[in-house]
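Here is a short tour of one structure, taken a piece at a time. Have a look at it first, then read on.

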Amino acid sequence: MQFHHHGYVSGDPRVLPAAGGGLDRPAELPDEMDVLIVGSGPAGMIAAAQLAQFPDISTRLIERRPGRLEIGQADGIQARSVETFQAFGFAQRITEEAYHITQMAFWKPDPAHPENIIRTALAPDDPTHVSEFPHLIVNQARVLDYFAESARVGPARLLPDYGYEFVALEVAEAGDHPVSVTLRHSCGEQQGETRTVRAKYVIGCDGARSQVREAIGRELVGDRANHAWGVMDVLAETDFPDIRTKCAIQSHDGGNILHIPREGNYLFRMYVDLGEVDEHDHESIRQTSQQEVEARANKILHPYTLTVKKVCWRSVYEVGHRLTDKFDDLPAETTGHRTPRVFITGDACHTHSAKAGQGMNVSIQDGWNIAWKLAHVLDGRAAESLLDTYSAERQPIAQELIDFDRTWSSMMAAKPEELGDPTALEDFYVRTAEFPAGLMTQYRRSMITGNDRHQELAPGFPLGKRFRSPQVRRVCDGNLVHLGHHHRADGRWRIYVFADRPAPGQPSTATDFADWIIGSPDSPLVAYTPADGDVDAWFDVKVIYQQQHTDIDLGTVPTAYLPKVGPYSLIDYEKVYSADTEDDVFTDRGIDRDGVLIVVRPDHYVSAVLPLSARQDLAAFFAGIMPK
């Protein structure tokens with residue numbers, strides 16, 4: 001964490017100085033705003049946290065509840081989400097309070113006594129170590145609390161406006177604030193009264209029954225699996241030995257259980273198989289009592305028993321897989337001809353089962369994706385065409401998730417003999433671990449994802465996939481750090497310079513690039529950085545040398561890699577790194593030792609892989625994004 005560069009900070013350094021709209025933020029919802037976020041779920045709260053970093057953008061978030069969420073339905077936090085939490089500054093704190101999933105137990109009928117279950121396998125949760133961050137279980141409400149804190153302490157001082165319900169919207173062809181939104185007070189003295197506000201853009205984060213989705217004419221299309229599950233968060237007494245381990249439990253004739261321990265040691269969640277649902281009688285299964293769910297759980301767990309002492313939350317749901325054809329308000333044939341104004345995220349545009357633990361995680365990435373893009377357009381950092389990439393990127397990812405979840409949920413509902421191979425379930429779990437971890441997302445070529453012509457220069461950083469953080473050594477103090485952990489949600493592009501063989505002070509391509517990046521009119525830093533901003537206000541350039549850190553003289557490092565920032569022009573020494581680690585990043589990620597540029601967009605995804613000498617290619621890439 002960096003601070004003091006604008007003066008001495010004696011308080012909490014996470015509280016950034018208020019600026020712009022954060023200096024005199026209206027307590028009441030104004031009549032006009034740049035961005036209106038509808039719904040304070042995961043997508044809405046991360047969007048608010050991101051936009052709070054842009055104090056000159058007027059953002060408001062409305063929520064029909066009278067206050068914060070207290071009990072959330074989602075609880076699984078995949079590694080990609082924890083990486084995202086790091087960008088927003090709370091990964092360490094939420095990790096401390098969460099339950100860590102490191103393994104999964106598989107229970108099946110005892111061949112000798114099929115009425116009993118026995119443990120048949122214990123599989124690692126992350127067998128290939130795809131992330132340095134763990135797989136967590138924590139209440140959704142706590143995730144929202146942390147994002148709310150990030151929004152509250154950001155320069156824009158963004159707070160939710162509780163007690164407002166979305167009613168309708170209309171999008172005009174022209175005007176500074178073309179989206180007219182009708183709202184209704186959902187509580188308090190004005191309950192039932194309506195009012196109209198106007199916005200430049202609207203983000204619908206209002207769940208599976210989204211009114212925003214209906215207002216723009218999108219429809220969730222898909223199917224039901226006609227299979228129901230009872231889910232319960234409970235405090236209970238049991239002799240089941242793996243009660244504090246994630247489990248997939250398959251019984252002989254009683255159905256199956258997905259068991260998930262919760263944070264805090266005592267609480268756990270069970271998804272209890274309620275069996276097939278008559279396609280003409282969906283209502284009756286939803287009336288399944290808690291007593292029946294517990295009875296089914298005990299039948300599946302036999303010879304073990306479960307006595308529930310307190311039910312903290314419960315529900316009955318049917319597996320369904322539904323998706324909208326597009327995630328914004330533009331008909332497909334008009335994309336590229338006019339600007340989308342309304343966007344939908346999370347359950348508003350894709351629904352699936354809870355058992356893959358993807359609902360909240362995918363929603364978080366939806367919200368971050370659209371938020372940074374809106375921020376860049378409104379802040380003048382990108383052309384409006386950037387907004388077309390939101391639906392183009394996220395809709396295919398949702399389809400991939402639904403395809404995966406359809407397979408996983410059907411396997412979880414099957415009897416062991418129906419799967420053929422006796423180890424099919426655990427084999428699938430291990431084989432596909434990277435997908436539910438949220439790390440298989442790979443965006444296709446677009447204005448922000450370049451071509452793969454030079455991918456062989458750095459195969460360990462695949463284009464379109466998230467920048468998997470390598471461990472490097474910081475030269476100024478010799479500390480081992482994760483390079484990607486410095487990539488905070490501040491809206492900046494990252495340009496990582498993996499230097500060629502010569503050391504600093506010797507003629508090299510890395511030195512030539514440093515001269516160009518701060519001296520050429522074609523350089524994105526020179527062409528686009530605001531005149532009144534620090535040299536790294538829009539682009540964060542870091543260099544990783546191949547030498548031992550003790551052999552690097554900071555006095556010979558080009559000034560492009562040691563920029564002076566803040567009102568006192570203080571040198572930022574945390575831009576210079578060495579591959580001096582046990583897992584040398586050049587070897588570990590296959591980086592060409594003649595030098596490589598890795599361009600990473602504000603939400604961590606790799607946008608370009610280029611030779612160090614390809615300066616005009618770098619200039620052309622950003623020229624396709626930034627306003628002329």
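Let's start in a loop: His604 sits between strand 26 (596-600) and strand 27 (606-611). This is a predicted model, so take what follows as a reading of that prediction. The phi of His604 is near 85 degrees, which is a positive value in a residue other than glycine. Is His604 buried or exposed? With a relative accessible area of 6%, His604 is buried, the cut-off for that being under 20%.

His4 counts as partly exposed, because its relative accessibility is 36%. As background, most residues other than glycine have a negative phi, and most peptide bonds are trans.

The peptide bonds have an entry here too. Going from His302 to Pro303, the bond is cis, with omega near 20 degrees. To find Pro303, look in the loop between helix 7 (290-301) and strand 16 (306-323).

### Strands

Now for strand 11 (residues 194-204), which pairs with strand 1 in the parallel sense. Strand 10 also pairs with strand 11, but in the antiparallel sense, while strand 17 and strand 11 are parallel partners. The bridge counts go like this:

| Strand pair | Sense | Bridges |
|---|---|---|
| Strand 1 and strand 11 (residues 194-204) | parallel | 6 bridges |
| Strand 10 (residues 179-185) and strand 11 | antiparallel | 6 bridges |
| Strand 11 and strand 17 (residues 342-344) | parallel | 3 bridges |

Which residue of strand 11 is the bridge partner of Met33? It is Ala199, and Ala199 is the bridge partner of Val179 as well.

### Helix pairs

On to the helices. Helix 8 (residues 359-378) packs with helix 9 (residues 388-413) at an angle of about 170 degrees, and their axes are 10 Å apart. Angles over 145 degrees count as roughly antiparallel, so helix 8 and helix 9 are roughly antiparallel to each other. On the helix 8 side of the contact you'll find Val362, Gln365, Asp366, Asn369, Ile370 and Lys373; they meet Thr389, Tyr390, Glu393, Arg394 and Leu401 in helix 9. By class, those contact residues are 4 nonpolar, 3 polar and 4 charged.

How does helix 2 (residues 79-87) pack with helix 8, at what angle and with the axes how far apart? The angle is about 40 degrees and the axes are 9 Å apart, which makes helix 2 oblique to helix 8. Their crossing is left-handed. Here Arg80, Ser81, Thr84, Phe85 and Ala87 of helix 2 meet Asn361, Ile364, Gln365 and Trp368 of helix 8. This contact comes out as 4 nonpolar, 4 polar and 1 charged residues.

Key. Residues are numbered from 1 along each chain as its sequence is written. This is a predicted model: local features need pLDDT of at least 70, side-chain atom pairs count only at pLDDT 80 or more; totals for chains, interfaces and linings use all residues. Side-chain values use heavy atoms; hydrogens and water are left out. Axes are lines fitted to C-alpha atoms, for helices over the stretch in contact, and angles run from 0 to 180 degrees between N-to-C directions. Helices (H or I, at least four residues) and strands (E, at least two) are DSSP runs, numbered from the N terminus. Angles under 35 degrees count as roughly parallel, over 145 as roughly antiparallel, 65 to 115 as roughly perpendicular and the rest as oblique. Contact means heavy atoms within 4.5 Å. Ala, Val, Leu, Ile, Met, Phe, Trp, Tyr, Cys and Pro count as nonpolar, Asp, Glu, Lys and Arg as charged, and the others, Gly among them, as polar. A crossing is left-handed if the near helix is turned anticlockwise from the far one by less than a right angle, and right-handed if clockwise. Buried means under 20% relative accessible area, exposed over 50%, partly exposed in between (1.4 Å probe, protein chains only). Two strands pair if DSSP finds at least two bridges between them.
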